[in-house]
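Reader: Please present the structure, and then let us discuss how its parts are arranged.

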Amino acid sequence: MKFKTILTLVAIALTLGAISIWVGQLSYSWLPPQASVESQLIDNLFSFLVTLGTFILLGVAGTVTYSVLFHRAGRYDLSDGPHIEGNVTLEVVWTAIPFLLVLWIAVYSYQTYIEMSIRGPMEMAHMPMASSIAPALAEPIDESVQPMTNIEVEAKQWAWVFRYPEKNITSTELHLPVDRRAHLVMRSPDVIHGFYIPAFRVKQDIIPQQNIDFEFTPIRTGKYRLRDSQYSGTYFAAMQADVVVESMADYEQWLAEARQKSPSPAFNQAASEYAAREQKSAKAGWATIVPASPPIVNYHP
Amino acid sequence: MTSIDRALDQEQLEQSKQATAQENEHDEAGNSMFGFVIFLLSESVIFLSFFAGFIVYKTTTSDWLPPGVEGLEVREPAINTVILVSSSFVIYIAERYLHDKNLWGFRFFWLLTMAMGSYFLYGQAVEWQSLKFGFSSGVFGGTFYLLTGFHGLHVFTGILLQGIMLIRSFLSDNYENGQFGVEATSLFWHFVDVIWIILFVLIYVWQ
Amino acid sequence: MTQIAPKKLPIEADSHEELLSWRRYFSFSTDHKVIGIQYIVTAFFFYLVAGIFAMIMRGELITPEPDLVDRTVYNALFTMHGTIMLFGWMFPVLAGFANYLVPIMIGARDMAFPRLNAVAFWMVPVFGIMFILSFLVPGGPAQAGWWSYPPVSVQNPTGQWLNGEFIWLLAVTISGVSSIMGAVNIVTTILRMRCPGMSWFKMPVFVWTVLAAQIIQLFGLPALTAGAVMLLCDLSFGTTFFDPSQGGNPVLFQHFFWFYSHPAVYVMILPVFGIFSEVFPVYARKPLFGYKVVAVSSLIITGLSAVVWVHHMFASGTPGWMRMLFMFSTMLISVPTGIKVFAWVGTIWGGKIRLDTPMLFALGGLINFVFSGITGIMLSSVPIDIHVNNTYFVVGHFHYVIYGAIVFGLYGGIYHWFPKMTGKMYYEGLGKLHFWLTFIGTTLNFLPMHPLGLMGMPRRVASYDPEFAFWNVLASIGAFLLGMSTVPFLINMVSSWIAGKKAGDNPWRAIGLEWLLSSPPDVENFEELPIVIAEPYGYGKSEPLTENMG
């Protein structure tokens, strides 16, 4: 009898495990394409957590469902269930196992974090003096190994402007060469914005009046979206830009082309929406901060 | 249950109410004091938050003092501090007199506490007037006036409470049911004092 | 234990009493039971208001373009939706439950400070109406989200002195004062007003969780108040605390805000854990599994909740060591919560389960909570959080906690104690319909938010890229379904309160001091203070709970 119980439990655990692993593998498809080194690391961690989470969810939900189906009181059964106040062994087990799991998840997350080598996560942004006290856990990768793409990012209400300091080019579209670490210096003149490219799985708030350093490595060519992730006021949702990751040759060619163009005003969603709204006689909304005029840049799509 | 039963029940209820009312009254002062202490603990977190904010600003702001401001004068505020801190002892003496049922002694020292508190506020007003920066003079001006102002508001509240307690002392059988009001006011006063000491160290001593 | 409902009273006395009781709810009553119901009903009104805001938002989001309302209106709606839901619905309704139940569960005749209690309640309509009236000021209500992060929150485009953000800050501060009054009252009541024999380990878990939650209010809320005062000074009095262009530090506000506002989630969920712990034993006819551990774990959650707030700021520019530290502390919370979840499962297992409406809601809430706990662990992991922070994944997680677990628990609690509060029985059929509509609506509304977030849709957007359309349409349909689900609830509550069948004193055959009282209880609750001799949840062991009652 006891052997049979154990066998049943093992069988259930194996089934749940198999389903969980399957869901864990499936979870990769819920995420955008893996367009950066960081995205692969994060997706592996996510898949691991989905596997674990599915197991726990199915375990709990399954137990509850079984109980509800098979431990129902009969219509006229007014008796009580067994008087079981607890079980110390069981309670110790279900305190210890979650604790160990948490440790496991924390260590795995920590390792992933280190591997992402997110540049000493912005001590400057947080407390200007903290850098001297606390060395960041994650060190930037050795910069001498690879040259970096240096770009200055300006986020303002509500436009993204990218400047390539070496060539003195400005653009409203972010172009990046593939397989080369990008180093951004981000600034905001007005409010907090969030630099977020889902396909790269990277995100960083831009605290106004500070230079925010940020790094990542795109590894897949294509066109992606950059979004403002920190609510920045009226036209927050419209504050998006395209990110183009291309081969080194294409990138060089784009730089050369952009250099030829003289600066002109780019299309700006917020500014044009605002202008349209102001022209209407019947005001539909409330007062808003006036969007910055469309940025004047060398290149805009 | 008939209505007569109900009426009887009602009567019993009334009786038990009276019985428990007496018990409760005994308890009530204890509850009030307990609740007041909890409230003060909670209130102290507001000050702690302001202090934390002050420390963060002080250690991270590059141009801490507004242009043209050298620092704060310490001498006058130090005298003020001594007066406020000693008033904590004076209020304690007043409480002892009340405990010994000596109402005139209580009133005298209680009034003395109020006078010392008022002098503190006066000193602070004089200091504020002599300062070259305002509430909106950067983070320094903001935190300075916020901290001293918020504390001053507490001192003012304390003096008001003391005034109420002083008036109450002239009403007959006021302290028959315990002296919760006086004890609470006194505790509040000590609290305001302790806050000031921390504040004084942060703002004036640590420059 | 089973009690037969007392024979009907003479009709005159009955209706007279009812009329009186009806009026009591509109008076400055100091009876904790009246105040409790006042809280719950007032809060429910604000819940409906904020729910309508949510439905307008979901109406906007049914298409990618910003076409239904202006962007400023959308921003105002999501700001006020969050604000009113939390300050107008969640905190008041939980204060209502605590008010109603704590005294009768610990054998007290009233709260420690009845008048303070009434004052705290009457502030709720005041600040609630302030929130709603702020739609009428020039420039509209606050539009900076319920976090009200500076600098956006202090930009004040109208330049008016009286603006939405100003009213918002004032109302939030009043709400804070009301909550502190409530917390002082509740903590004092629990610690000092327990009846003879009601030792710590004879208190029902609901009382434990309320205590744990109110302690958080006491140490957390003042930090928010401090932040709000400073923000108000920035907005209206020219200071620059959070203005980075003049030496201020906007991230400091985030610290103040989250130091309270993350624990605030525990303020809300802890009493719901309490409701789960009360409901499961009754409808599974088994003692709460591991009662003492469940009770104590509430206080562990309180302790941990004070050291997790930075996990909201992983993308704000937080140093690495801080990220790792707060990641770990956040994950640790899952241990005491896990204990509770397993204990509930242990309670249900092998019981004699009855699927009455309260049990359905508690079970649904439990499953939703486990799901939200799992997504919560994902969010606490810094690398994943960097991707999904400020996306719909967070919105989905949050609503699974707030709606899926907390509101489910609250509904369960309302159904469970409705007979006690009103003396009437609700209609079971309508209750079940309400449950299924709510459960399906919740899943349809909030589950699609998770894929949206993973795909990278930021929260708080009035428009979005067409690739997100499919899941958004589903979520919107779910939202409308949820809106509809309140209709059977309202019909049920109103009609059964007025014309429902009389419920006995203990229709669920539940064990607990409150079930030894008449339904509804007398003004003074207990004729004679009970002397408690047994632990709570003594199901399956016919042993009296008190020495001198029932």
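Reader: What distance separates the centres of domain 1 of chain A and domain 2 of chain A?

Author: The model is a predicted one. Its domain assignment places residues 2–69 + 90–116 of chain A in domain 1 and residues 143–280 + 288–297 in domain 2. Taken over C-alpha atoms, the separation of the two centres is 37 Å.

Reader: How much area is buried between domain 1 of chain A and domain 2 of chain A?

Author: The two domains touch through 13 residues of domain 1 of chain A and 13 residues of domain 2 of chain A. Carbon and sulfur atoms give 59% of the area buried between them, and that area is about 990 Å².

Reader: Which residues in domain 1 of chain A lose the most area to domain 2 of chain A?

Author: Three residues together account for 45% of what the side of domain 1 of chain A buries. They are Pro33(A), Ala35(A) and Glu38(A).

Reader: Which residue meets Glu38(A) in a salt bridge?

Author: Between domain 1 of chain A and domain 2 of chain A there are two salt bridges, and nine residue pairs are in polar contact. The side chain of Glu38(A) takes part in a salt bridge with an N to O distance of 3.4 Å. Its partner is Arg181(A).

Reader: Which helix gives the most to the side of domain 1 of chain A that touches domain 2 of chain A?

Author: The residues on this side divide into seven nonpolar, four polar and two charged. The helix that gives the most supplies six residues and spans residues 37–70 of chain A. This is helix α2.

Notes. Residues numbered from 1 in each chain as written. Chains lettered and ligands numbered in written order. Predicted model: local features only at pLDDT ≥ 70, side-chain atom pairs only at ≥ 80, totals over all residues. Heavy atoms only, no water. Domains from an automatic or database assignment. Contact = heavy atoms within 4.5 Å. Buried area = accessible area lost by both parts, 1.4 Å probe. Salt bridge = Lys/Arg side-chain N within 4 Å of Asp/Glu carboxyl O. Polar contact = N/O pair within 3.5 Å; in protein donor to acceptor, adjacent residues only side chain to side chain. Helix = DSSP H or I, 4+ residues; strand = E, 2+ residues; numbered from the N terminus. Nonpolar A, V, L, I, M, F, W, Y, C, P; charged D, E, K, R; others polar.
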